[in-house]
Amino acid sequence: MWCKNTEDVLKAANTTQGGMKKWEEENVKMVLDLVVKVRGKLSRIVRKILVALITTDVHAKDMIVEMREKNTEKIKDFMWEQQLRYYWDTEDDDCIIRHANAKLYYCYEYMGCTGRLVITPLTDKCWLTITGAIHLKLGASPAGPAGTGKTESSKDLAKAMGTFCIVFNCSDQIDYIMIGKLFAGLAQCGCWCCLDEFNRILIEVLSVVAQQLLVLRTGMKQNMERINFEGRNIALKSHCVIVTMNKTL
């Protein structure tokens with residue numbers, strides 16, 4: 001609804017003459033209404049839901065403020081294009097997500113009542129890169145110092161897209177057979193995988209892992225429903241492999 005209402009404001013003739021300012025005030029009021037609710041006596045699960053809603057609504061409100069300050073007045077402006085936008089597609093009868101030039105489908109994975117990360121400008125950049133990579137049938141590789149939120153940002157994007165994300169902690173004990181089994185499972189169920197501390201895997205294992213990823217990507221690029229992977233004929237669904245690495249001296 002936030003996406004639909006924002007686009008209605010951008011399509012209107014009075015966007016820069018006060019339309020965006022009015023929509024900003026409505027967003028602020030929605031956040032304040034939720035804050036008032038969360039102060040009251042609530043059950044544990046409802047409180048969790050409201051906290052997650054406030055987290056996402058505060059970011060949505062901040063984006064409206066920024067768009068007003070930068071005089072965004074068209075749907076095709078990059079300021080709006082770079083937002084994670086949800087639409088109901090009547091042709092496909094499904095929820096689709098647009099992010100810059102990427103078009104992805106919402107996956108409806110049940111995750112229970114979970115919290116959300118506070119969305120910072122760096123999170124936005126990370127998400128934009130990952131969705132762009134998925135659109136090109138590629139994986140992503142956030143790199144940076146330990147504890148900066150590489151894995152958590154990837155997991156939170158999966159949550160925003162209704163996709164299950166498996167976090168796999170790598171070590172020098174990992175061999176290509178273990179990784180092959182993991183990739184075969186991912187390909188068949190279509191979920192995401194975050195290979196944490198990827199740089200710990202031995203270089204001779206990485207060369208085989210690269211070949212396995214190439215087979216999967218080639219299959220996805222050709223829109224194949226089944227592929228031969230590690231000597232087995234398996235189903236292939238759209239999935240994503242994200243590797244996170246710490247900078248080593």
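1. For the classes used here, Ala, Val, Leu, Ile, Met, Phe, Trp, Tyr, Cys and Pro count as nonpolar, Asp, Glu, Lys and Arg as charged, and the others, Gly among them, as polar. On that basis the lining of the largest pocket has 23 nonpolar, ten polar and ten charged residues.

2. This is a predicted model, in which local features need pLDDT of at least 70 and side-chain atom pairs count only at pLDDT 80 or more, while totals for chains, interfaces and linings use all residues. Residues are numbered from 1 along each chain as its sequence is written, and side-chain values use heavy atoms, with hydrogens and water left out.

3. There are three aromatic pairs in the structure, where rings of Phe, Tyr and Trp (its six-membered ring) pair if their centres lie within 6.5 Å, and planes under 30 degrees apart count as stacked, over 60 as edge-to-face and the rest as tilted. Trp-2 and Trp-80 make a tilted pair, with 5.5 Å centre to centre and 55° between the planes.

4. Tyr-86 and Tyr-106 pair edge-to-face, at 6.4 Å centre to centre and 65° between the planes. With Tyr-108, Tyr-86 and Tyr-106 form one aromatic cluster.

5. Trp-80 is buried, at a relative accessible area of 0%, whereas Tyr-86, at 32%, and Tyr-106, at 25%, count as partly exposed (buried means under 20% relative accessible area, exposed over 50%, partly exposed in between, with a 1.4 Å probe and protein chains only).
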